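These are my notes from going through one model. I wrote down what I looked up, entry by entry.

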Amino acid sequence: RRPTACYPHRTTTQHRGRTTLPRTTMEAAFLESGTNVDKGENARLSSFVGAISIADLVKTTLGPKGMDKILQHVGEHNQSVSVTNDGATILRSVHLDNAAAKVLVDIAKVQDDEVGDGTTSVAVLCGEMLREAEQLVTQQHIHPQTIAAGWRLARTYAREALEAAAIDVSSDEAKFRDVLLKIARTTLSSKLLTHEKDYFANLAVDAVLRLRGSTNLEHIQVLKKAGGQLRDSYLEEGFLLDKRIGVGQPHRIENAKILIANTSMDT
């Protein structure tokens, strides 16, 4: 009788000519030494804690009575300190190693890029939803896919309720402008412009109304100049070209002929 060798720590499984190595062997082949792997409940709990911590970080900055955060850079050549209550700025300054927290920050960045406001609200809303989801998963043992399906259903009903409650005032120009002013004032209440929100609300509404229904905000050109006061800002009726006047060139020309070219002429 021939002896049989036994290797208790290394097993292989063959399925239709394919050999599957143990999970530990696969992980060792792709992960560096010293790397920890979280699985099951530990991985799920780590994701919940990371995302909820980000939401708690910016929650106190929400609203007109929100508190400011002191941010200090930790770079070798940049250790400056800044004070802000803007959610997008805070989230961009935080260094993360948690995957779920990074997803939450990416959601806030998309909100800032697409809308320009509401980054803190999005982060706080997602954090509170995950906080409730954690209770459903850990205590009531509801599957995450079931919770996600419930969220999608709730989103559908919420959108239907909002559309049913919406009032169209676009036909009345005076009322439409008044609604836009209220929206602009609400948005500026949590910004640094809160003391001049009435002035800048009119400025923003006038600029948006000139688009005549277009939603492309890139048509509004914003020129920033250092110095002066907030009320020195203004909305120009025409087009401003941010260029310096050359030596010996006139500073003012009336009834001038304008050439429009689709190529750069800078030297």
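**Entry: N255.** I looked up N255 and found it exposed, with a relative accessible area of 80%. The cut-off for exposed is over 50%, so N255 counts as such at 80%. N255 sits in the segment after α8 (197-209). Its phi is positive, about 55°, although N255 is not a glycine. I keep in mind that this is a predicted model.

**Entry: H141.** I then turned to H141, which also has a positive phi of about 55° and is not a glycine. I located H141 in the loop between α5 (119-138) and α6 (144-165). Is H141 buried or exposed? H141 is exposed, at a relative accessible area of 66%.

**Entry: K224.** I placed K224 in the segment after α8. With a relative accessible area of 76%, K224 is exposed. I also checked K224 against D242: the two are 18 residues apart in sequence, and their C-alpha atoms are 9.8 Å apart in space.

**Entry: overall layout.** I stepped back to the whole protein chain and noted eight helices and four strands. In sequence order the pattern reads β-β-α-α-β-β-α-α-α-α-α-α. Of the 267 residues in the protein chain, 18% are buried. I looked up contacts between residues at least 6 apart in sequence, and 45% of these join residues at least 24 apart.

**Entry: α8.** I compared the length of α8 with what its residue count predicts. At 1.5 Å a residue, the 13 residues of α8 should span 18 Å, and the end C-alpha atoms are 18 Å apart, so the two agree. Which residues of α8 are buried? They are F200, A201, V205 and A207.

**Entry: α5.** α5 has 20 residues and reaches 29 Å from its first C-alpha to its last, close to the 28 Å expected at 1.5 Å a residue. I listed its buried residues as T119, T120, V122, A123, V124, G127, A133, E134 and V137. The list contains a charged residue, E134.

**Entry: T119.** I took T119 from that list for a separate look, as T119 is found in helix α5. Why does T119 count as buried? The limit is under 20% relative accessible area, and T119 is at 5% relative accessibility, so T119 counts as buried. Leaving out residues up to four places away in sequence, I found that T119 touches G87, A88, A108, Q111 and D112.

**Entry: second largest pocket.** Last, I looked up the second largest pocket and noted a volume of about 920 Å³. The pocket is lined by 20 residues, and the closest to its centre are F239, L241, K243, I258 and L259. How does the lining divide into nonpolar, polar and charged residues? I recorded 12 nonpolar, three polar and five charged for the second largest pocket.

Definitions and conventions
Residues are numbered from 1 along each chain as its sequence is written. This is a predicted model: local features need pLDDT of at least 70, side-chain atom pairs count only at pLDDT 80 or more; totals for chains, interfaces and linings use all residues. Side-chain values use heavy atoms; hydrogens and water are left out. On a 1 Å grid over the protein atoms alone, a cavity is a set of points where a 1.4 Å probe fits but cannot get out, and a pocket is an open set with protein on both sides within 12 Å along at least five of seven lines; lining residues have an atom within 4 Å of a point. Grid points are joined across faces, edges and corners, and a volume is the space filled by probe spheres set on the points. Helices (H or I, at least four residues) and strands (E, at least two) are DSSP runs, numbered from the N terminus. Buried means under 20% relative accessible area, exposed over 50%, partly exposed in between (1.4 Å probe, protein chains only). The expected span of a helix is 1.5 Å times one less than its number of residues. Contact means heavy atoms within 4.5 Å.
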